[in-house]
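Biologist: Hi! Could you walk me through this model while I have it open?
Modeller: Happy to, just ask away.

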Amino acid sequence: MNLAIINFGSGNLHSVHKAFESVSSDLSNPYNIIVTNDPKEIQSADKIVLPGVGAFGDCKNAILNIEGLQASLEVSVIKNKVPFMGICVGMQLLADLSYEFGAHSGFGWIPGEVRRITSPKEYKIPHMGWNEITFSDHKLFDNCEQGSDFYFVHSFYFQNQKNEHSIATTKYPDQITAAVCKENICGTQFHPEKSHINGKKIIHNFLEWKP
Amino acid sequence: MLKKRIIPCLDVDNGRVVKGVNFIDLVDAGDPVEQAIIYNAEGADELCFLDITASSDNRDTLLEVVKKTAENCFIPLTVGGGVRNLDDISRLLHFGADKVSINTAAVDNIDLVAEAANKYGSSTIVIAVDAKETAENQWKVFTHGGRKETNIDVVTYCNEVAKLGAGEILLTSMDRDGTKSGFDNKLLKAVTSKVNVPVIASGGVGNLSHLLDGILEGGASALLAASIFHFGEYSIGEVKRYLADNNIPVRI
């Protein structure tokens with residue numbers, strides 16, 4: 001089984017790669033984990049992970065600038081229903097639209113918009129650090145405890161059009177989407193690769209996920 | 001609720017951990033990767049490496065340390081010290097740092113803050129500020145490891161770098177660093193009350209109540225300490241239990 005981590009130059013690529021490798025190596029059938037931007041390799045992958053840090057528009061442009069990348073993602077994820085996980089901005093890219101530094105269109109795979117967190121002055125932006133989540137019944141949270149802490153760092157959040165697509169939330173101080181899922185497509189606002197043992201559980205569950 | 005973060009910091013010279021008193025008189029205290037793995041297991045919320053290697057020829061030793069740490073510790077890792085330009089940042093991120101802290105280079109060239117934040121994201125860019133009280137309730141930015149005074153006001157500077165895209169400020173009191181007499185909470189409060197990005201308090205921790213004061217009096221989002229963890233005076237767990245007993249939200 002191949003797992004492709006999409007390389008479009010995102011800064012956290014190494015961390016994501018190492019974390020998935022570490023969790024996968026404990027499985028009875030470890031994945032062959034490849035870091036790639038080659039459309040052919042992406043289309044032959046059994047699972048796909050899209051990491052992302054930085055501004056939404058920059059990430060989207062970086063993806064568009066790699067010939068065939070977005071098309072290959074569409075084929076794998078939308079047509080062939082390959083399990084997909086977006087992390088942080090990689091998750092926000094699933095939305096229709098983001099308002100970070102102007103309006104930018106996303107993949108439009110999960111309806112909703114990405115907006116700036118509005119919070120009282122004593123709440124610093126970015127929302128940075130460990131915060132607890134409340135999640136609904138989903139494979140991604142197998143063996144996790146309600147209220148466990150995950151590592152967040154973001155100034156914008158995914159406002160889902162349909163509540164059913166938000167499978168976990170956190171509070172800062174208003175409720176913020178912490179994870180999304182629609183069919184074979186999931187994503188986390190927090191960084192599982194930086195969330196220590198809890199994060200490893202999420203990665204493990206994604207590797208075992210059969211949507 | 002968002003937790004207050006406890007960040008052990010390791011000063012690294014030629015691939016070895018050291019900790020200075022008032023930035024001088026360094027004492028060798030071990031292997032950074034080994035230390036980082038211990039802190040990770042003890043429940044550190046993040047890790048911080050500060051490279052104090054004098055010669056740039058020897059900087060590659062730090063990259064190996066960063067790489068090995070990132071392969072073993074799945075919590076955020078901030079690396080700073082001698083970061084001059086976008087290439088330095090890129091290299092550290094490539095080897096596994098999650099955030100890079102910039103000090104003197106940001107003072108010398110403030111545009112670097114915006115360039116770095118635009119290229120790598122605000123979440124990746126920490127601006128480290130060495131502050132010294134030069135008149136009552138007035139703090140100036142110092143550079144070059146605290147050796148060089150500038151005429152820049154700390155609060156003004158912190159506001160500026162936050163506007164340019166810094167995701168976080170690592171604020172070190174040079175007056176307190178290594179003294180174990182507590183954070184400079186007046187300095188912290190002056191910055192945290194005016195600046196809208198998270199501030200990491202640094203410099204001066206000697207006991208548990210100092211950490212509590214940094215949050216309650218200083219308004220810090222995170223606390224950085226070196227020697228109290230390093231020489232085994234307190235474990236990360238002890239610190240967190242103490243803060244939790246005092247109603248501070250921490251990750252346990």
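Modeller: Let's start in chain A, where strand S5 (residues 97–98) and strand S7 (residues 112–116) pair in the parallel sense over 2 bridges. Keep in mind that this is a predicted model.

Biologist: Thanks! Which residue stands opposite A:Ser98 in S7(A)?
Modeller: That would be A:Val114.

Biologist: And what order do the strands of that open sheet have?
Modeller: The open sheet has 4 strands in the order S6-S5-S7-S11 (chain A), and the pairing is mixed.

Biologist: Which are the edge strands?
Modeller: Strand S6 (104–105) and strand S11 (156–160) of chain A, each of which pairs on one side only.

Biologist: Changing topic: how do S8(A) and S10(A) run, parallel or antiparallel?
Modeller: Antiparallel, with 6 bridges joining S8(A) to S10(A).

Biologist: Is S10(A) buried or exposed?
Modeller: Buried: that goes for 6 of its 6 residues, so S10(A) is largely enclosed by the rest of the structure.

Biologist: Which residues are on each side of S10(A)?
Modeller: One side has A:Asp149, A:Tyr151 and A:Val153, while the other has A:Phe150, A:Phe152 and A:His154. Both faces are covered, as these residues are all buried. In a regular strand, side chains alternate between the two faces of the sheet.

Biologist: Nice. Now the contact between the chains: how many residues does each chain give?
Modeller: Chain A gives 27 residues and chain B gives 26 residues. On the side of chain A that touches chain B, helix H1 (13–24), strand S8 (127–132), strand S10 (149–154) and helix H6 (196–208) each supply at least two residues.

Biologist: Which element gives the most to that side of chain A?
Modeller: S8(A), with 5 residues. By class, the side of chain A that touches chain B has 10 nonpolar, 11 polar and 6 charged residues.

Biologist: One last thing, over in chain B. At what angle do the axes of helix H3 and helix H5 cross?
Modeller: Roughly 35°, and the axes of H3 (residues 86–94) and H5 (residues 111–120) of chain B come within 10 Å. H3(B) passes H5(B) in a right-handed crossing.

Biologist: Which residues make the contact there?
Modeller: H3(B) uses B:Leu86, B:Ile89 and B:Leu93, and H5(B) uses B:Glu115, B:Ala116, B:Lys119 and B:Tyr120. By class, the contact of H3(B) with H5(B) has 5 nonpolar, no polar and 2 charged residues.

Note on methods. Residues are numbered from 1 along each chain as its sequence is written. Chains are lettered from A and ligands numbered from 1 in the order in which they are written. This is a predicted model: local features need pLDDT of at least 70, side-chain atom pairs count only at pLDDT 80 or more; totals for chains, interfaces and linings use all residues. Two residues are in contact if their C-beta atoms, placed from the backbone, lie within 7 Å. Ala, Val, Leu, Ile, Met, Phe, Trp, Tyr, Cys and Pro count as nonpolar, Asp, Glu, Lys and Arg as charged, and the others, Gly among them, as polar. A residue is buried if 20 or more other C-beta atoms lie within 10 Å of its own, exposed if 12 or fewer, and partly exposed in between; C-beta atoms are placed from the backbone. Two strands pair if DSSP finds at least two bridges between them. Axes are lines fitted to C-alpha atoms, for helices over the stretch in contact, and angles run from 0 to 180 degrees between N-to-C directions. A crossing is left-handed if the near helix is turned anticlockwise from the far one by less than a right angle, and right-handed if clockwise.
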